[in-house]
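I opened my notebook next to the viewer and jotted down what I looked up, one topic at a time. Here are the entries, in the order I made them.

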Amino acid sequence: MSFPQPTPAANLREHVDEVKETISLTPTGKENGDDNDLDAVAQILMDQGDIEYTAEEHRRLLRKIDWRIVPLAAWACGLQFVDKSGLGAAATYGLRDDLHLVGQEYSWLFESCLVPGLLLVTTMWYTQEEQPLRFGLWTMTNGALPVPFLIIYYGLGHVTTGPITSWRLIFLTIGLLSSFTGVLMFAFMPDAPQSAKWLSERERAIAVKRVAQAQLGLKDTHFKWEQVQETLRDPHAWLLILQMLFSQTAGSVTTNFLGIVIKGFGYTALKAQLYTAPNYAVQAVTQLLVSGPPTFFAFFRNKKQPLAALASIIGVIGIIIIYVTPPEDQYQHRRLAGCIIISASGVNYTVIMSIIGANFVGFTRKQTVTSAAFFLYCVSNIVTPQTFLGEESPRYHTGLAFVLACLSVYIGLSTTTWVLMRLENNRRESRARENPEYAQLKCEEPMQWDNDLYTEDSNVMIKLHTAKKKASINGN
């Protein structure tokens, strides 16, 4: 795996001095030459701008960051999916009957903003080349962590006496774990490299510098409206946001309606709960198969979206199998197999978020696209359950047809977005060959306008014209 090479000290100092002399701004945009107006990121770059580090030192730091960030993110992300799987288990064990839920009342589900937050944290700590594997590692627990909990749910399903029903015990268990996790994340999840007290001063400087060199945007507390405007004009941003809307409809089949659908194949409630385990295992394996190759193999370096589209095609095949298979019990195993492979499409969320995190320069820009994508993720998770009509339980023809149509649209959007990004990369490479001074931002799928690279030193917004080395304020 490659790692960022130390920037020559003279060049970095020259760049920082140029920033200090010409572009120092207060949060309101007023000129001010006082270094105190720069935030911790810019200050570290100035104070430690001439720092150099070896490959071994870089590897040690990366391992240290991995052992702090990835386990916490993996546990929190997995527990979120445990909560969703718990809702499906509770429905299988009588939640709807006990609460007298009728029609579409069970279809309302609120979503957590945890994953977008973890996305921003990951992009503040890792370079673009490092991100796909880390995203894959901590989102893999979406499928892996619910599996052992399904055994717990199975055991709780045998509780038939006492004042607390089995589905209430499920919620109590998850609630206690969620409360503990909240305290754990607050105490140990680092906010940003520049404020990580568990790193030495030198390690903080290296952590900030290596991400700053990648120009992916470190944490900034100042919201920049010019970056919002630029993002809203970017067609690639809208394509990714729409991908999120259409790709997440399958989540209803593979989470809160999963046990109900499988039980409708003719299985008992307890067996239906056990048979949900392969779904989560398929999702975990698919997550690794899509996230790993772009990290370790050059051929797959720019092919996360095609890999996700391929996984979604498998999911579409699963929906078709369920939809066309006769309802008789003798075909229940065929329908179960179709239900299991739908979970391959669960990788879409991670791929979309990882592309957003790796390719949008500027913290405000990244926040804008992430927030918009997550908003449509929530919309998808609100709208889709309404298509699973209560009177159609447990076959849900309307819901399955809706998911099939949306996943098909996503496959088209994903392929289109990837092709457009490849064409843009080819255009930039061609310009770079014609003009050696044209410095392209080597991202997998670049989101920047024309030949301008955007970086930000928190209060400082620099728009680098590569040919002229000209700095302008607020993107003008």
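**Entry 1: residues 400-421 and the annotated segments.** I started with residues 400-421, where the chain is 100% helix and 0% strand. The end C-alpha atoms of that stretch are 31 Å apart. I kept in mind that this is a predicted model. Next I checked UniProt, where an unreviewed entry gives the annotation "transmembrane region" to residues 400-421, and also to 106-126, 135-156, 168-189, 237-260, 307-324, 336-361 and 368-388. I then looked at residues 135-156, which are 91% helix and 0% strand. Here the end C-alpha atoms are 32 Å apart.

**Entry 2: the whole chain.** I noted 21 helices and three strands in the protein chain. How much of the chain counts as buried? I found 54% of the 476 residues in that class. The accessible surface comes to about 20,100 Å², and carbon and sulfur atoms hold 63% of it. I also looked at contacts with a separation of 6 or more: 78% of them join residues 24 or more positions apart.

**Entry 3: a nonpolar patch.** I looked for nonpolar surface and found a patch of about 260 Å² made by Leu310, Ile313 and Ile317. Leu310 sits in helix α17 (residues 304-324). Its relative accessibility is 49%, so Leu310 counts as partly exposed; the cut-off for exposed is over 50%.

**Entry 4: aromatic rings.** I counted twelve aromatic pairs in the structure. One of them is Phe149 with Tyr153, a tilted pair at 6.5 Å centre to centre with 50° between the planes. Why are these two about one helical turn apart? They are separated this way because they lie four residues apart in helix α8 (residues 146-156). Both Phe149 and Tyr153 are buried.

I went on to Phe299 and Phe300, whose ring centres are 5.1 Å apart with planes at 85°, so I wrote this pair down as edge-to-face. Phe299 is exposed, with a relative accessible area of 57%, while Phe300 is partly exposed at 26%. I also noted a cluster in which ring pairs link Phe257, Phe388 and Tyr396.

**Entry 5: salt bridges.** I began with a network that links Glu56, Arg59, Arg60 and Arg63. Within it, the side chains of Arg59 and Glu56 meet at 3.3 Å, N to O. These two are three residues apart in helix α3 (residues 55-92), so about one helical turn separates them. Glu56 also meets Arg63, at 3.9 Å, N to O; I checked that against the salt-bridge limit, which is within 4 Å.

Buried or exposed, or something in between? Arg59 is partly exposed at 41% relative accessibility. Glu56 is partly exposed too, at 34%, and Arg63 is partly exposed at 43%.

**Entry 6: a bridge between two helices.** My last stop was the salt bridge of Arg365 with Glu230, where the closest N and O atoms are 3.2 Å apart. Arg365 lies in helix α20 (residues 363-386) and Glu230 in helix α11 (residues 225-232), so the pair ties together parts that are 135 residues apart in sequence. I found both Arg365 and Glu230 buried.

Technical notes. Residues are numbered from 1 along each chain as its sequence is written. This is a predicted model: local features need pLDDT of at least 70, side-chain atom pairs count only at pLDDT 80 or more; totals for chains, interfaces and linings use all residues. Side-chain values use heavy atoms; hydrogens and water are left out. UniProt positions are given in the numbering used here, feature names are shortened, and annotations may be inferred rather than shown by experiment. Patches are made of residues with over 30% relative accessible area and no salt bridge: like charges are joined within 9 Å, nonpolar side chains (Val, Leu, Ile, Met, Phe, Trp, Tyr) within 5 Å. Accessible areas come from the Shrake-Rupley method with a 1.4 Å probe; for residues, only the protein chains shown count as cover. Buried means under 20% relative accessible area, exposed over 50%, partly exposed in between (1.4 Å probe, protein chains only). Contact means heavy atoms within 4.5 Å. Rings of Phe, Tyr and Trp (its six-membered ring) pair if their centres lie within 6.5 Å; planes under 30 degrees apart count as stacked, over 60 as edge-to-face and the rest as tilted.
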